[in-house]
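Visitor: I would like to go through this model one question at a time. Please show it to me before we start.

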Amino acid sequence: MTGVLSEYPKAQRRLSIDVYRGMIMFLMLAEIMHLYDLAKHFPGNRFLEWLRFHTTHVAWEGCSLHDLIQPGFTFLVGVAMPFSIASRLQRGQSTGKLICHAAWRATLLIFIGIALRSLGSKSTYFTFEDTLTQIGLGYFLVFLIALAPRWLHYASAFAILVLFWGAFAVSDPPPADFDYAAVGVPEDWPHHAEGFESRWNLNSNLSWQVDVWFLNLFPREEPFRFNSGGYSTLSFIPTAATMIFGLVAGVWLRDNEHHKIVIRNLLLVSLLGIIGGWAFAASGLCPLVKKIWTPSFTLYSGGCCMAWLLALVVICDLKAWKRWAFPFVVIGSNSIL
């Protein structure tokens, strides 16, 4: 562990990361503008239909710009991690102190997420599917991986995706007479798959089964039966892989002064992620579903995040075009707040 930590060079702040964070936060804030409602008032307008699609989540399978907000935020947590570790090492912090800080940060994120979800409820609403709790559940594991040798960064992401896919693949599909209405799915729901892919259907999949057991271990006003959107606790596992993708990108940014190396790596991995995720879904082996963070979605969204970061590295770090980015730097100055 000490040898790995000694490899961390001096941390140098990257404008591209700050701008990326600000852009993600801007998209989160822009949700309150309800731009998607414009299409209702001007039916048939192609631009407003396009705007509606990209400012809302897709119903189940597929991906819009809005669906990339949470992956982008999660990805950036991983990107920032190598810089944070290097900064703390420069201040003389020990390995034990680094690990304790990571454990505290993870716990804080989980509790903040639960607190925000509990606002307006008569009792604490124990739920773990929102952005903060999902990051918190995976953060400590990814932090430990960040302290490990580089090969483990790649191996751990691969293992997470393969094992998560395998768990769904060997699970039982919903029976033909499954009562979808009892779990909040309309009878005319058009997005359910047949055959092998049915294992990832809304509120009848492995993650839903785990939540029916796990969430009912906590005190609740009434028993948990389903999440109306299909979101689940277990998604924190592939979410951790998204964070590791960010970790890998962050290491490249921190360690390479030559932009050509960073650009080459980001371009290659972004193409592999986007094409690989799409092909995985098109093959019928794993649908591309953000709400349960399927491995195909993890690959596809991770590739999109890499491409987004690549564009900002070229614009902000390589070309040094900075003036336009100032508002995003301000917005993203404290992402947790």
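Visitor: In which loop does Tyr-125 lie?

Guide: This is a predicted model, in which local features need pLDDT of at least 70, side-chain atom pairs count only at pLDDT 80 or more, and totals for chains, interfaces and linings use all residues. Residues are numbered from 1 along each chain as its sequence is written, and side-chain values use heavy atoms, with hydrogens and water left out. Helices are DSSP runs (H or I, at least four residues), numbered from the N terminus. On that numbering, Tyr-125 lies in the loop between α6 (95–118) and α7 (131–146).

Visitor: Which residues does Tyr-125 touch, not counting residues up to four places away in sequence?

Guide: Contact means heavy atoms within 4.5 Å. Not counting residues up to four places away in sequence, Tyr-125 touches Ile-114, Arg-117, Ser-118 and Arg-220.

Visitor: How many Å apart in space are Tyr-125 and Trp-252, C-alpha to C-alpha?

Guide: Trp-252 is one of the α10 residues that meet α12. In sequence, Tyr-125 and Trp-252 are 127 residues apart. In space, C-alpha to C-alpha, the separation of Tyr-125 and Trp-252 is 40 Å.

Visitor: Are α10 and α12 roughly parallel or roughly antiparallel to each other?

Guide: Axes are lines fitted to C-alpha atoms, for helices over the stretch in contact, and angles run from 0 to 180 degrees between N-to-C directions. The axes of α10 (residues 236–255) and α12 (residues 295–318) come within 10 Å and cross at roughly 25 degrees. Angles under 35 degrees count as roughly parallel, over 145 as roughly antiparallel, 65 to 115 as roughly perpendicular and the rest as oblique. The two helices α10 and α12 are therefore roughly parallel.

Visitor: What is the angle at which α2 and α5 pack?

Guide: The axes of α2 (residues 15–30) and α5 (residues 69–90) are 10 Å apart. These two helices are roughly antiparallel to each other. Their packing angle is about 155 degrees.

Visitor: How do the residues of the contact of α2 with α5 divide into nonpolar, polar and charged?

Guide: Among the residues making the contact are Tyr-20 and Arg-21 of α2, and Gly-72 and Phe-73 of α5. Ala, Val, Leu, Ile, Met, Phe, Trp, Tyr, Cys and Pro count as nonpolar, Asp, Glu, Lys and Arg as charged, and the others, Gly among them, as polar. The division is 13 nonpolar, 1 polar and 1 charged.

Visitor: Which cysteine sulfur is nearest to that of Cys-286?

Guide: A disulfide is a pair of cysteine sulfur atoms within 2.5 Å, and a search of the whole structure finds 0 of them. Cys-286 has 0% relative accessibility and counts as buried. The nearest cysteine sulfur is 14 Å away and belongs to Cys-63.

Visitor: Is Thr-294 buried or exposed?

Guide: Thr-294 is in the loop between α11 (259–282) and α12. The residues that Thr-294 touches include Trp-200 and Cys-286. With a relative accessible area of 1%, Thr-294 is buried.

Visitor: What is the phi of Trp-293?

Guide: Trp-293 lies in the loop between α11 and α12 and, at 2% relative accessibility, counts as buried. Its phi is positive, in a residue other than glycine, and is near 50 degrees.

How values were computed: Buried < 20%, exposed > 50% of the residue type's maximum accessible area, 1.4 Å probe, protein only.
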